[in-house]
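Please keep the sequence and the three-dimensional view at hand while reading.

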Amino acid sequence: MRSLGEILRESYGVSEAAIDAALVVQQEKGGRIGEILVQQRKINEHDLLGARSLQCGLEIVHSLPTDIDPFFVQHVSIGFLKKFKMIPVATPRESYIALAEPMYFQQADDLQRRLHWDGIRVMLAPQNEIFVAINAAYDMTRQDVADQVMQDVGEEDPESILSEIEETADLLDDTSDAPVIKLVNLVLSQAVRDNASDIHIESYKDRVKIRKRVDGILYDMYSPPRHVQGKLVSRVKIMAKMDIAEKRLPQDGRIEIRIADRNIDIRVSTLPTSFGERVVMRLLDKSSSLVRLEDLGLSREDLQHFMRIIKAPHGIILVTGPTGSGKTTTLYSALGVLNSPDINIITIEDPIEYQMNGISQMQVNPKIGLNFANGLRTIVRQDPDVILVGEIRDMETAEIAIQSALTGHLVFSTLHTNDAASAITRLIDMGVEPFLVSSSVNAIMAQRLVRKICPHCRESYVPSMEYLKQVGISPVKFADRNLFRGVGCPDCLHTGYKGRIGIFELMTLTPAMKSLILTTSDAGQIKKQALSSLATGMITLRQDGLRKVLAGLTTLEEVFRVT
């Protein structure tokens, strides 16, 4: 059998150098050569599937049917299918086993025997198609499981004590009979499946509410009986290695779980309220790959402008926005562009959200006195070229960051402000001298995340003149323009939206603006100057959002929700 590298070189034009580089990564960190080349963007998923087809002689099916009979869910665990990236496809028209990795041919044979499907054909299919089909099949039976768990939780003795049970390696393999443990596992697995960023467990007078945040919006999940609240919170605390006896003070903890092939890092925060403790869990998917700068949603002009800015030899570049607006993702994408063997990049973060090769990353630890300011002082002595400070929270951190920028370092950081101009006001309000701000800050980018219209249920429509006037948009701008919206389908959980994209406001500090900062810290005047400057060509968050509405990427409602 020919090697995959040989096929990719001969049939898909992958260079010898690219294959050698991928082999080096494979030797250092393991993994499959094909996936490494996809991650390095030398080939795409379609090419990899074609090469595997040539290698093993299997036929390719590029999209799986939506009417797959889920008969197999009673016989095969979801963990098995996801681990070995395969699914039995049975429809009134055809039957076969869809497989993403030919190396799992032995497991496909085991699946055939388990289902009494001896002799059934095996076909190659894209991994994402297989995972979507697996989730859809198990979703059909998941609601019955959820209803049963909720019933068990309701019937459980309110006085029973939750015992500590060791975590299993994979949450999907946890077969514990304790209803509360089942409920927590169900909540976590559903949240991960739906790509939720947060889970809330909220306590009220007569009930408990469990909610998940997907694409920035909170959705109800379950509402178990009030008496379950204590045991539910205790279970989460046990998993996070927190003190279950302390219920009067806020606590922070951390959980690491694996669900099928995804490693999830969960930050847990508890808060005492009048009706018991409230828990919020922030989910970070450690197996997700970094987003390229080109894929964030920057316009072509802003992207070119930002690329020039981040390659400056020194100065501060700030990214601003509220919590969960994608600031850290933008900074990581910028570091990904700069990351090379001849540059020393060091970060101090809270928490470290992505592990990046070739970059030294330091975690803030307030318990031992390691805060942003102390960590930054140490970093400066480590001969860095580029420094990333997770967040400027106080004057001490701001001053050290500015001194670092003035002494020849390029510094990236974030601030919590509403727009780009307000970041100047915020720094001066912290106590930083205006002349230090004007001489060190190169650029400020404000950003928000808007939900993208679901591509599967997208439809065009013409907005009414009354609505446009109501939201303050000139109807002339949208005259005879078809806009788009999502109708709602199972693929987007009937919301009409799937995924998110950034909207941006990039403000470069020109000499005129630096002079203005020396005389005023008024964000309104600074913004007015930035908008009038022909050199920067700045557009506001809302204007960038409206561009994306006209491009059919999002809706007017989304833009007005976040700007």
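Glu 101 and Arg 52 are both buried, where buried means under 20% relative accessible area, exposed over 50% and partly exposed in between, computed with a 1.4 Å probe on protein chains only. The model is a predicted one, in which local features need pLDDT of at least 70 and side-chain atom pairs count only at pLDDT 80 or more, while totals for chains, interfaces and linings use all residues. Residues are numbered from 1 along each chain as its sequence is written, and side-chain values use heavy atoms, with hydrogens and water left out.

**Salt bridges**

The side chains of Glu 101 and Arg 52 meet in a salt bridge with an N to O distance of 3.1 Å, the term standing for a side-chain nitrogen of Lys or Arg within 4 Å of a carboxyl oxygen of Asp or Glu. This pair links distant parts of the chain, since Glu 101 sits in the loop between strand E2 (95-99) and helix H6 (105-114) whereas Arg 52 belongs to helix H4 (residues 45-56), 49 residues apart. Helices (H or I, at least four residues) and strands (E, at least two) are DSSP runs, numbered from the N terminus.

The structure holds 27 salt bridges, and three of them are set out here.

| Salt bridge | Distance, N to O |
|---|---|
| Glu 101 and Arg 52 | 3.1 Å |
| Asp 215 and Arg 500 | 3.9 Å |
| Asp 265 and Arg 267 | 3.2 Å |

In the pair with Arg 267, Asp 265 counts as buried, at 2% relative accessibility. Salt bridges that share partners also join Glu 35, Arg 52, Lys 85 and Glu 101 into one network.

Asp 215 counts as buried at 18% relative accessibility, whereas Arg 500 is partly exposed, with a relative accessible area of 29%. Asp 215 also has a positive phi of about 50°, although it is not a glycine.

Of the 11 residues of helix H9 (residues 229-239), 10 are buried, so the helix is largely enclosed by the rest of the structure.

Lys 241 has a positive phi of about 55° although it is not a glycine.

In helix H8 lies Arg 193, which counts as buried at 16% relative accessibility. A polar contact of 2.8 Å joins the side chains of Arg 193 and Asp 194; such a contact is a pair of N or O atoms within 3.5 Å, where within protein one must be able to donate a hydrogen and the other to accept it, and residues adjacent in sequence count only if both atoms are side-chain atoms.

**An open sheet**

An open sheet of 7 strands has the order E12-E11-E13-E14-E10-E15-E18, with mixed pairing, two strands being paired if DSSP finds at least two bridges between them. Strand E12 (360-363) and strand E18 (497-508) form its edges, as each pairs on one side only. Within the sheet, strand E13 (residues 386-389) and strand E14 (residues 410-415) run parallel and are joined by 4 bridges, and Val 386 stands opposite Leu 410 in E14.

**Gly 486**

Gly 486 is placed in strand E17 (residues 483-486) and counts as partly exposed, at 23% relative accessibility. Although Gly 486 and Cys 454 are 32 residues apart in sequence, their C-alpha atoms are 5.7 Å apart in space. Leaving aside residues up to four places away in sequence, Gly 486 touches Ile 453, Cys 457, Arg 458 and Gly 496, contact meaning heavy atoms within 4.5 Å.
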